[in-house]
Amino acid sequence: MLDAIGIGSLDELFDDVRQAGCLLDRPLDIDKGRSEEQVLDVLRNLAGLNVRGISFLGAGSYDHAIPSAVRMLASLPSFVTAYTPYQPEISQGVLQAIFEYQSMICELTGMDVSNASLYDGASAAAEAAALAIAEKRKSNKVILSATMHPFAIDCVKTWALGTGREVVILPEKDGVSDFSMLGYMLDEGTAAFIAQSPNRYGYLEDFTGVADKVHQNKSLFVISSDPLSLAMQKSQAEWGADVAIGDTQVLGIPMGFGGPYCGYMAVTKPLMRKIPGRIVGQTVDTEGRRVYVLTLQAREQHIKRERATSNICSNEALCCLVSVIHTSLLGWAGLKEASNQSYCKAHYLCDGLRKLGYEAAPGFAPFWCEFPVLFESDADLERFVSKMKAEGIFSGVRLSRLTRNDKDALTLLVAVTERRTREQLDRYLEISKEAR
Amino acid sequence: MMEEFAPDRIVEPLLVEQAVPKRRGYLFAPLDVPQAAPLDDVFARNSVARLPEASELDTVRHFSKLSTMAYGVDYGFYPLGSCTMKYNPKVNEVTASMEGFTDIHPLQDEDSLQGCLALMYRTLKDLSELLGMKWGSLQACAGAHGEYTGLKIIRTYFLHHNEMGRNRILIPVSAHGTNPASANMNGFEVQEVATDERGLVDLNDLESKLDDTVAGIMLTNPNTLGLFEKDIRKIASMVHEAGGLLYYDGANFNALMGMARPGDMGFDVVHLNLHKTFSTPHGGGGPGSGPVLVKKELVPFIPQPDIVYHEDSGKYGFKWNEETSCGKVSGFWGNFLVVVRAFTYILSMGSDGLKAASRHAVLNANYMQALLKKEYSVPYDVICKHEFVLSLSNLKERTSVSALDIAKGLIDFGYHPPTMYFPMIVHEALMFEPTETESKDTLDGICKAMLQLKDMAEKDGGWLHDSPHHAVIGRVDEVRAAKNPVVRY
C-alpha cells in the first residue's frame, strides 16, 4: 500500500502535521487496550454499581412495559448500522419505517406533518421556540408556562441566552397555568406560547379558549404532551395548537439513564416548510412504484446553511423506529389500555395516600399517571423516601431536584405506570403508613 | 389522504394497510385495581388514532422485510466522506444493553447511580486527554447539537466578560452546513472565509476579517477536502490576538487520534461525534452523541450539571453551576447509552489502538486516492488525511455522466455511494472516507468498480443515467415528493 502511495513509511503520511509543529510527541495518557473479556468485566462492574429498584420515578422518564419484539426488531443490523437514508434506492426500509413513524405521530397529535424526530422532548421545546421566532417577523419573545418541565424551560432559556431573544414565564396557580395572565403578556413581539400537559406536576391543563387568545395575537400555540397520555386526553390538534411536541420515550424506549430518547414535533400544514429536521415523503420511482425519499430538504442546513430553520442533522432515527414498532404492536387499543391502566393505578395509589392523610395531588386539576405529594417537613419526606428505598422502592422524584429551588424541596412527584402491580402499590401504601 | 397505488406498484404495504380489525401484537395483564372515574369531557380525547392492528408475527414480518431494504455497515462498504462509517464492534451493543444501564432512571439518588456517573466521568477524562482539553460535557445529543452547545459556551464566555459586541463567527466556505446553521441558532452573524489554491484557509482573507466584533472561527481539521490545515498555529495566534476563540468541529477527528490534539493546535472548544470516531452505530440517522470539550478558561460555562468526583468520599455526583453555566441543552444528561458504547470502544482500543486506528484510516484514504487518481481527477493532489475528494467535472463534460450517476452505479456493485456534491467548492464532487476498519481487498474492489464505471461512462453513458439497475427500486422522483408532499398516511 505504501508503494502505491509512493511513500516509505506510515509516518510520512503525517509530514504535514509534523511541519505544522502539531505532532504529539508522547503516548496518550489513556489505558492500554483490553481484551473483550476484560472490557466486559469493567462494564459489568460499572453496571453493577448502579442500583435498580421498583420505580415510581417519572418527571420525563417512565418505566413502561416494552414488548420483547421491540428490542429484537430494532437490533436488526441493517437498521442499526445504516446511515441517514440519503440513497433511497438502498434505504427504502429505513425511509418507510420513518414514514410510518411520522404518520403515527400525526395520528396521535392530530397534526398534519411530523418530522423524523428531534433529540428529545426538552430540546424540542427550544426548537419550537426557534421555529416560532423564524415564522413571526420581528418577534423576539416566547412565553412559557411555569408548569412546563423545568428542564424544558432550562433548554429554552439556554437557547435564548446571549442572543437578545426573550423568554417570559406565565405564572402558575394551584399547579396549573394561570391563563388569566396570558392576555396581558401576549404582545406584538410574542412569537409563541408554549405549555405542557400533563404538566410538571402531572396535572392536565385546561386549554379552553387559549388557542383563540394566542391566535388573535398572531402567535403560535405549542403544546408538549406525553404521547401515551394522548390515548386518553385531548390531542394538541383538539386544543387548537399549531405545534405539537414531546418525547416518545414512553413508547418503547428504555429509561437508559436519560437517553437516547426521541423528541417528536408535528405541525399544522401551513408550517410544513418551517418544521426543523428531516422529513420523509412519498413519491414514485422510474417504474411508477410507490416509494419514499427524504424531502423538503430546502429547509435544511446542508442546503440553506446559515438560513436554515435549524442546525439539526443527526436525529434519533433508531429511537423513532423503536417507537413505531412499539406502537404497531400495541395498536390504538393497546395504547388506550396502557394509558388507562397507568391512570387507574396512579389514582388507586393517590387515593390510598390521601386516606392515610398524605397531601397527595392537592390541586383542583385532574391528573393522569403522575401526581405531587406535599410533605410538611424535610424530615418527613426524607423518612418516607428512605423507608421506601430500604425496601427497593424508588418512591418519587423530589421536585427541587429539577428546579434547584428550595420552595420545591417538600414536593415529591410520584409516577405510576401500567407495569406496577397491585402488590407493589399496596406495599407502597403499607410503607407510607409506617412512615406516617 | 394518500393516493391509491395498484398492489404491484407497492413494494411493501404499510403495516396499517395490512390491519385486521381487533388484531393485537401485545397484551397486558388485566387491570388489577378498580377502574377510576373517567376524565371529564373537557379533557377527554374524542378522536381515534388510526394505527396498525397487527399480531406480533405480522409486525415482526413487516419490519424484518423493511430491514432487508436497508443498507448498513454490517452489509458492505460505506465510504461516505465526513461520516466515518467504520465498523461498529458488537461488544458495544452488548455493554449498552446491560440492564444495569438500560433500566436506570435518570433521577435516581446519586448513590444509586455511581456506575453511570463513573462511566461518564472516565469518558470525559479520556476524551480530554485525547483532545488536549481540560474538561467537558456529554449533554449534546449529536454533532450539530455539540456545535450549538460549543458556540453557546463561547456566547456565555463573552457575556461574562462583557464583550457582547463579539457577534460574528468566521467559517470557511468548505465547512459542513451545520456550522453556519449552528452559529445562526446562537444568533451569531456568519461570515465566510475564503479557501486558497492549496485548499486551505486563506490567511490574507482571514486577516482582513478579524477585529473586535469576531467571537471566533469554526474550523474542521483536517478540513472537508481531507487536508490538514498546516497554518493552524498561525491561525490560532491571529484569532487569539484579535480576542476571538477557536472552535474545532470534530467530525474529522478520526484522522488524528494519538497523532495530534486540537488543544495543542490552539483550539478552545471542541465537539466530537461519538457516532463517527468512536464507533457507535448511526442507527439510520441517529442517535449520536456530541461531547463538547473546552480549555480551562471555558470550563465554568459548560452545560450543567457537571459530573464531578469527590475525592474525600470516593463518590461521583452532579454539580450545578447556576452562576456561570450556559444551562441545559437536552432533557437529562445526554445520550448516555451511546456514551456507553464509545467508552467500551475506548477501553477496547486503548491509547495504542486509537492511534493505530487513525494511522490506518489515513493509510486507507491515501491508498484509495492513489489508485483512483490514475483515472479520475483529484483537485488537490497531495497526501490527504482520512478522506479525499474527486472532481468529475471533466468526465461529465466529456460523457454527460455525472457524479450522481457514478455514485448510483456503485450501488449495482454492492457498495454504498460516497458523499456527493460536497464540499461545495469542488464541482461534481465525490468524497470518499474508507475508515481504518476496511481491508485492502475491499479498497481494491471498490477502486476496480470505480474504474469499470468510468469505462462504462466513456462507452455507454446512458446506461449509467438509469443506474442503479439491481436495487429494489429505481431512481426516485424527488421533485414530485417536494412539490406535492405526502408525508403521512
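**A lysine in a loop**

I began with K276(B), which touches S82(B), C83(B), T84(B), K86(B), A251(B) and H282(B), leaving aside residues up to four places away in sequence; contact here means heavy atoms within 4.5 Å. This is a predicted model, where local features need pLDDT of at least 70, side-chain atom pairs count only at pLDDT 80 or more, and totals for chains, interfaces and linings use all residues. Residues are numbered from 1 along each chain as its sequence is written, chains are lettered from A and ligands numbered from 1 in the order written, and side-chain values use heavy atoms, without hydrogens and water.

I found K276(B) in the loop between β6 (269-272) and β7 (292-294) of chain B. Helices (H or I, at least four residues) and strands (E, at least two) are DSSP runs, numbered from the N terminus. K276(B) counts as buried because its relative accessibility is 9%; buried is under 20% relative accessible area, exposed over 50%, partly exposed in between (1.4 Å probe, protein chains only). I also checked K86(B): its C-alpha atom is 7.3 Å from that of K276(B), though the two are 190 residues apart along the chain.

**Helix α1 of chain B**

Which residues of α1(B) are buried? I got T59(B), H62(B), F63(B), L66(B) and S67(B). Down the axis of α1(B), the buried residues fall within an arc of 135 degrees, so they line one face of the helix; the arc is that of the directions from the helix axis to the C-beta atoms. R61(B) and T68(B), on the other side, are exposed. I looked for the cover over the buried residues and found that it includes α4 (68-73), α5 (77-80), α6 (92-109) and α12 (317-355) of chain A.

In chain A I traced an open sheet of seven strands, ordered β2-β10-β9-β8-β7-β3-β4, with mixed pairing; two strands pair if DSSP finds at least two bridges between them. The edge strands are β2 (113-114) and β4 (166-170) of chain A, each pairing on one side only. Strands β3 (residues 141-145) and β7 (residues 190-196) of chain A run parallel over four bridges, and V142(A) has A192(A) as its bridge partner in β7(A).

I finished on α7(A), which is largely enclosed by the rest of the structure, because 13 of its 15 residues are buried. At its start, a side-chain oxygen of D120(A) comes within 3.3 Å of the backbone nitrogen of A122(A).

Conventions: A polar contact is a pair of N or O atoms within 3.5 Å; within protein, one must be able to donate a hydrogen and the other to accept it, and residues adjacent in sequence count only if both atoms are side-chain atoms.
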